[in-house]
Amino acid sequence: MHDSLPLNEPVLSYAPGSAERTAIRAALQHHAGRVTEIPLFIDGQRIEGCSSEALHAPHDHGRRLALVGQAGAAEVRRAIAAAVRAQHDWAAMPFDSRAAIFLRAADLLAGPWRQRLNAATMLGQSKTVYQAEIDSACELIDFLRFNVAFARAMLQQQPLSGPGMRNAMDYRPLEGFIYAVTPFNFTAIAGNLPCAPALLGNTVVWKPAFTASLSNFLFMELLEAAGLPPGVINFVPGSAAAVSEAVLQSQDFAGLHFTGSTEVFDALWQQVAHRLPTFHAYPRLVGETGGKDFVLAHASADADAVAVALLRGAFEYQGQKCSAASRAYLPASLWPRIKARVLADLETLRMGDVEDLGNFMGAVIDRKAFDRIDRYLRQARADGHRILAGGQCDDSQGYFVSPTVIEVDDPQAVTMREEIFGPVLSVMVYPDSDWSQVLSTVDGTSPYALTGAVFARDRDAIEEAARRLRFSAGNFYLNDKPTGAVVGQQPFGGGRRSGTNDKAGSVLNLQRWTSPRTVKETWVPATDYRYPHMA
Ligand code: NAD
């Protein structure tokens with residue numbers, strides 16, 4: 001099966017003088033002075049004229065990027081009706097024809113659409129060009145191509161057919177529509193959540209995150225350009241609570257494909273449970289949620305490798321990756337060197353407008369995120385924790401939070417337990433001899449279990465950590481940072497309160513979007529009810 005897998009999309013460098021650098025500048029320029037009107041897409045139609053909300057650039061909140069149409073209950077009902085209507089023909093279409101649409105979308109994105117999506121992700125979600133490239137280009141292209149390969153392999157899984165019969169597994173879509181609710185922080189995830197179920201013949205109502213509307217809208221246009229038939233994916237930006245309320249009133253609701261915070265997934269699950277008897281079938285609930293991801297170093301670790309993993313793992317995309325390193329456990333013997341390296345590198349790290357390609361960081365996503373992070377920092381100061389670097393919040397131009405390192409003595413400090421979702425790393429230094437105890441602390445501190453990284457050269461330490469932390473992370477890294485999972489290489493998802501761990505970008509996720517029918521055909525049916533023993 002692996003012989004037929006696609007290759008991961010190569011990451012472009014955007015180094016000075018490169019063609020892609022010229023192209024991204026032109027794509028960014030396209031948005032200068034422009035306010036994009038973002039409609040709803042229902043049944044292949046752009047729905048304009050709804051009320052709208054203004055979307056601003058996080059790093060320049062005076063800059064209006066778009067006016068985002070807001071679906072009300074009536075539009076949501078239209079979207080559901082369109083999805084339900086479209087299902088018959090879409091499900092009946094041969095798999096290869098459906099796959100061709102997504103493969104075409106991947107090639108359009110790898111080629112002419114690449115910088116359009118990257119520019120929208122940079123401006124709307126405040127990603128640097130590299131962070132946009134690995135997300136809205138490479139990861140999304142990979143999702144589109146790998147899902148086709150994984151789905152094809154799944155369809156080939158067929159039961160045995162004994163003598164006198166034919167047995168088959170008919171991979172039907174779920175009956176009804178799938179509700180895709182997507183997060184702001186990855187354009188790739190936003191694109192994948194509606195597309196993965198659609199590939200298997202499901203139809204979808206997609207509610208994007210408001211702050212990711214610009215890139216998500218362009219992806220919707222890209223799917224249209226790739227030939228996605230009307231009604232297969234219906235795009236309904238709008239008030240999250242209102243859209244969900246309208247969606248869950250439908251008896252045709254067949255599944256939820258969610259990525260976002262644990263609280264919101266909990267609330268949706270409870271709403272679904274409350275209405276369970278009203279649905280035609282038991283809905284599938286797939287949700288990837290929050291994290292409190294750790295970096296644990298053993299005394300045998302390479303201090304420089306730990307320092308770089310912390311810098312990249314904690315601060316890339318302003319710490320707004322579900323996989324971001326946000327708590328670190330470092331041995332006292334290595335701490336002086338790690339600390340010196342981290343603090344020295346932070347001095348050189350630039351933050352600012354993402355259109356300045358010299359910056360390593362942009363702004364956090366919106367006012368709400370900025371205020372939340374600010375509250376955590378104030379509390380950390382009030383609690384007497386030492387802020388070794390950063391700690392400044394400045395919203396005069398954009399929502400900027402400087403990369404922050406907090407040293408705590410209490411392993412149960414709030415910043416060691418709760419997801420902050422910003423550029424804030426909490427560090428606890430432990431005596432080297434406490435290694436074994438620290439493993440229990442790492443495992444028991446937070447309710448999440450998404451990603452985690454262990455640095456060590458000592459093989460016994462690696463083995464012990466892998467064993468003792470088996471359930472602490474769904475994506476477990478050895479001598480590498482806990483971020484940057486690649487489709488097809490590190491299928492992604494966590495356990496405990498980090499989600500249902502259905503591993504986006506793998507066959508495990510695709511299996512959730514099919515309700516197989518088993519078919520047995522007998523060549524020569526029995527013509528006598530009596531068995532031989534009855535003679
Ligand atoms: P969020 O929960 O605020 O929003 C996610 C989506 O849910 C958005 O579309 C939002 O509009 C919608 N939503 C919000 N309130 C709702 C409600 N009451 N009813 C229905 N829908 C509602 O999350 P976010 O800020 O977009 O993303 C950050 C979170 O996502 C973090 O917790 C992060 O860890 C998590 N995340 C997890 C993964 C993963 O794979 N585990 C990946 C990316 C992000």
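**Salt bridges and a buried serine**

E221 is buried, with a relative accessible area of 16%. Buried stands for under 20% relative accessible area, exposed for over 50%, and partly exposed for what lies in between (1.4 Å probe, protein chains only). The model is predicted: local features need pLDDT of at least 70, side-chain atom pairs count only at pLDDT 80 or more, and totals for chains, interfaces and linings use all residues. Residues are numbered from 1 along each chain as its sequence is written, and side-chain values use heavy atoms, with hydrogens and water left out.

E221 takes part in a salt bridge with R46, and their closest N and O atoms are 2.8 Å apart. R46 sits in strand 3 (residues 45-47) and E221 in helix 7 (residues 213-225), so this pair ties together parts that are 175 residues apart in sequence. Helices (H or I, at least four residues) and strands (E, at least two) are DSSP runs, numbered from the N terminus. R46 is partly exposed, at 34% relative accessible area.

Side chains of opposite charge can pair when their charged atoms come close. A salt bridge is counted where a side-chain nitrogen of Lys or Arg lies within 4 Å of a carboxyl oxygen of Asp or Glu. This rule gives 29 salt bridges.

Another salt bridge joins the side chains of D96 and R152, at 2.6 Å from N to O. D96 belongs to helix 3 (residues 95-110) and R152 to helix 5, and the pair links distant parts of the chain, 56 residues apart. Both are partly exposed: D96 has a relative accessibility of 49%, and R152 has 34%.

E407 and R386 also form a salt bridge, with the closest N and O atoms 3.3 Å apart. Here two strands are linked: E407 is in strand 17 (residues 404-408) and R386 in strand 14 (residues 386-389), 21 residues apart. E407 is buried at 11%, whereas R386 is partly exposed at 35%. Elsewhere, salt bridges connect E9, D107, R114, E133 and R145 in a network.

S126 lies in the loop between helix 4 (114-125) and helix 5 (129-156). Its relative accessible area is 0%, so S126 counts as buried. Its side chain makes a polar contact of 2.9 Å with the side chain of H59. A polar contact is a pair of N or O atoms within 3.5 Å; within protein, one must be able to donate a hydrogen and the other to accept it, and residues adjacent in sequence count only if both atoms are side-chain atoms. Beyond its neighbours within four places in sequence, S126 has contacts (heavy atoms within 4.5 Å) with residues including P58, Y317, V354 and G362.
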